[in-house]
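Student: I would like to go through some of the labels used for this protein and see what each one rests on.
Tutor: Then let us look at the model and take the labels in turn.

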Amino acid sequence: MSIIGVGVPMNVKGILRAGAALWLLGALTAPVSAQQEQAAEQVAQRATAEDIVVIGTLERLKQPVSSGALGEKSILDTPYSVTLVDKDEIARRQATSVGQIFINDPGVFSYASPGTTNWWGTQIRGLGVRNYYIDDVPLVLYWGSDFPLESVETVQALKGLTGFMYGFGAPGGAILYQTKRPTAQPLLTTELGYRNPGVRYGHIDAGGPVGDGRLGYRLNLAGEQGKAYSKAGVNRWVGSLALDYAITPDLRWHATATHEASKLEHEPFHFYWARYQGTVLPEPTYDYDNLNVDNSYYRTRTTSVATGLDWDLADDWTAKLNYGYTRKNHQSNKMFAYMLNRAGDYQGYAYNFAETDQAHFGQGMVQGKVETGPIRHELVAGVALHRTLSDFGALTSYWNNDFNGNIYQPQRFLVTRDLDFSTAGSPSDQRQTALFVSDTLHFGSQWQAIIGARHTKYKLLDLDGDPTVDSGYRTTATTPTFALIHKPAEYISLYGSYVESMEGGTRVGGEYANAGEVLDATISKQYEGGAKYDHGGVSLTAAAFRVERANQIINEREGRRYLTQDGLNIYKGVEFTGAYRVNDDLRLGVGTLYLDPTIDKVSAGNEALRGHIPAEASRWQWLANAEYQVPWVEGLRLHGNIRYFGRGPVADDNQLYVPSRVVANAGFQYSTSIAGRRADITGNINNLFNRKYWSFSSVGEARNASLSVKFYW
């Protein structure tokens with residue numbers, strides 16, 4: 001198995017013998033030169049049966065993506081904005097967080113730096129993301145760390161409302177992880193890496209057919225340990241297994257399982273700004289030793305399991321039956337701080353709690369094509385059952401002002417009390433039963449219309465430890481979607497879409513005085529119009545959108561913070577990304593997001609907030625990136641990006657803003673042969689110029705580097 005640049009698994013020998021002209025190199029289509037064909041033949045001579053080779057590019061907008069109740073469609077035929085990042089791009093940039101994965105997408109942003117716990121930090125178009133799916137199974141990931149990337153094939157960002165496609169959910173969009181699948185040919189890679197100043201990591205990826213080839217497997221084992229740039233202690237272990245079995249030529253069984261155990265020690269404080277006096281932030285410092293408590297930690301155990309059957313019923317008709325289970329356990333000895341003034345003084349809070357979140361998900365879906373006269377229909381229909389159990393140790397949780405300090409001085413506080421991580425406090429039980437149907441109508445080759453609806457029965461049981469006591473509520477909603485797509489050519493898509501989504505009741509987190517209270521379900525709406533183009537080495541996407549969502553306001557009374565519902569947040573804006581292949585060696589990309597968010601329709605007590613920007617929403621994001629294959633050094637590829645993060649208010653009152661910043665990253669990947677084995681040597685530098693900055697919750701990511709070598713056996 002070998003990699004040159006970035007690509008996808010394929011039978012290289014067979015393809016090269018047939019004279020294939022494409023090398024998969026990132027995201028765009030490009031012609032193949034004679035030099036590239038000659039290089040491909042050289043690689044084939046030393047390749048195994050299934051290599052990953054790069055010659056040219058794959059047209060990224062023509063790649064299929066999972067669209068929930070819409071079935072599987074190409075990005076070009078999806079009437080919403082979608083970004084897909086594959087494992088090779090993740091590996092090339094050595095990404096470890098959602099923010100790094102989508103660094104080249106201006107619409108996706110995370111203020112949670114690598115080496116810290118992702119605490120409500122990911123945004124899409126200014127709205128917090130609360131919908132995460134692992135192989136289409138829901139998992140609570142918007143707080144308490146990200147999903148392990150070692151077991152991931154692709155990560156997809158679906159922007160906007162997901163109610164029709166995936167059921168009840170917040171309107172910030174969705175992050176969807178697709179785990180690695182068995183390979184058609186034997187695969188074995190080993191990787192060893194280092195991230196300064198002291199994190200060491202390793203990864204084994206193995207797969208292939210078993211016996212007569214009807215059974216396939218994919219095994220990933222990985223771990224990392226040491227001190228991160230933030231002085232946090234990293235200790236993380238991951239294992240995953242995927243199986244496929246062809247019961248008959250038309251009936252296939254598949255199963256995946258991933259488990260991660262992680263303990264992040266003495267990470268930097270998570271800052272709040274509600275008590276800040278002044279309008280200018282303190283000077284940021286990267287002396288992380290002053291920004292943590294030595295014996296603090298955050299421990300998680302994450303499990304995701306899925307299985308299902310895929311059945312080819314007839315030509316153009318398929319059926320899928322899937323079941324999944326996810327579980328995440330949190331044990332928090334995490335430290336928070338209220339920043340007080342420009343001098344850097346703060347009030348420190350210890351937050352101790354435990355929570356276990358579980359989800360069961362079952363879905364049956366049929367997808368097929370029929371014709372009625374001149375109209376061709378793509379039909380999708382199904383039923384879904386979803387149950388989420390959350391057990392929060394509210395009775396044993398601890399939130400208290402245990403220490404104070406200054407960010408420029410050492411913090412000597414240590415936690416000495418006994419910690420109780422039992423979770424018999426305030427369990428809740430959310431249940432969804434849904435029926436969905438959609439029809440994509442093709443009027444000739446240039447026009448498509450999409451009509452769909454999901455009917456959901458939603459039930460929230462707040463049991464308070466007693467299964468006979470139901471203090472929750474029930475509701476029923478039908479969330480529609482409508483879209484019109486015009487394709488004047490196969491590589492151009494012009495679309496308009498409308499979708500609604502119901503957001504289930506939100507349980508207030510433990511850092512608020514009204515912890516455990518359940519806020520009512522709400523309905524959000526999204527309007528979007530856009531264009532997509534992917535042809536001749538040029539890839540363009542543009543969209544104008546408007547999202548309406550019920551607002552949540554943080555009020556502070558008598559020194560305590562309360563989370564309540566009030567008003568309507570309106571997020572409208574425009575988004576653009578573009579990429580251009582200058583020649584066989586050079587690709588350039590740009591992107592921008594302009595957001596015009598406002599708070600409207602607030603109650604009498606909060607009229608001062610009308611017209612303000614919602615908390616943590618930045619008006620501007622822009623970026624540029626480049627990839628360069630060095631022609632005079634065979635196998636060497638350089639990449640880099642620069643991104644501008646616009647300033648944004650820390651709260652709805654707009655009194656205090658986090659300043660804008662520009663951050664640059666750079667890296668390389670060198671494919672060569674070591675001891676007769678194909679190897680990739682990869683290195684990256686994040687925050688290349690060591691720009692000091694604040695995010696909405698912490699100081700930024702100081703300059704740090706990583707280096708790894710990956711062998712293909």
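Student: Leaving aside neighbours within four places in sequence, which residues is Met165 in contact with?
Tutor: This is a predicted model. In it, Met165 is in contact with Ser67, Gly68, Ala69, Leu70, Tyr80, Leu158 and Arg454. Leu158 and Met165 also touch the most other members of the largest nonpolar core, which has 38 residues. Among the elements that give two or more residues to this core are helix H5 (163–166), strand S10 (174–179) and strand S19 (345–372). There is a second, separate core of 37 residues, including Tyr346 and Trp694.

Student: Why is His330 called buried?
Tutor: Buried means under 20% relative accessible area. His330 has 0% relative accessibility, so the word applies. His330 is in strand S18 (residues 317–339).

Student: What makes the pair His330 and Tyr298 a polar contact?
Tutor: The limit for the N or O atoms is 3.5 Å. The side chains of His330 and Tyr298 are joined at 2.8 Å, within that limit.

Student: Why is the pair Lys487 and Asp77 called a salt bridge?
Tutor: The nitrogen must be within 4 Å of a carboxyl oxygen. For Lys487 and Asp77 the N to O value is 2.8 Å, so the pair qualifies. Lys487 lies in the loop between S24 and S25, and Asp77 in the loop between strand S2 (72–74) and strand S3 (82–86), so the pair ties together parts 410 residues apart in sequence. Lys487 is buried, because its relative accessible area is 11%, under the 20% limit.

Student: What makes Glu575 and Arg125 a salt bridge?
Tutor: Their side chains meet at 3.4 Å, N to O, and the cut-off is 4 Å. Glu575 lies in strand S30 (residues 560–581) and Arg125 in the loop between strand S5 (122–124) and strand S6 (127–128), so this pair ties together parts 450 residues apart in sequence. Both residues, Glu575 and Arg125, are buried. They belong to a network of salt bridges that also links Asp105, Lys159 and Glu528.

Methods: Residues numbered from 1 in each chain as written. Predicted model: local features only at pLDDT ≥ 70, side-chain atom pairs only at ≥ 80, totals over all residues. Heavy atoms only, no water. Helix = DSSP H or I, 4+ residues; strand = E, 2+ residues; numbered from the N terminus. Buried < 20%, exposed > 50% of the residue type's maximum accessible area, 1.4 Å probe, protein only. Polar contact = N/O pair within 3.5 Å; in protein donor to acceptor, adjacent residues only side chain to side chain. Core = buried A, V, L, I, M, F, W, Y, C linked by side-chain atoms within 4.5 Å. Contact = heavy atoms within 4.5 Å.
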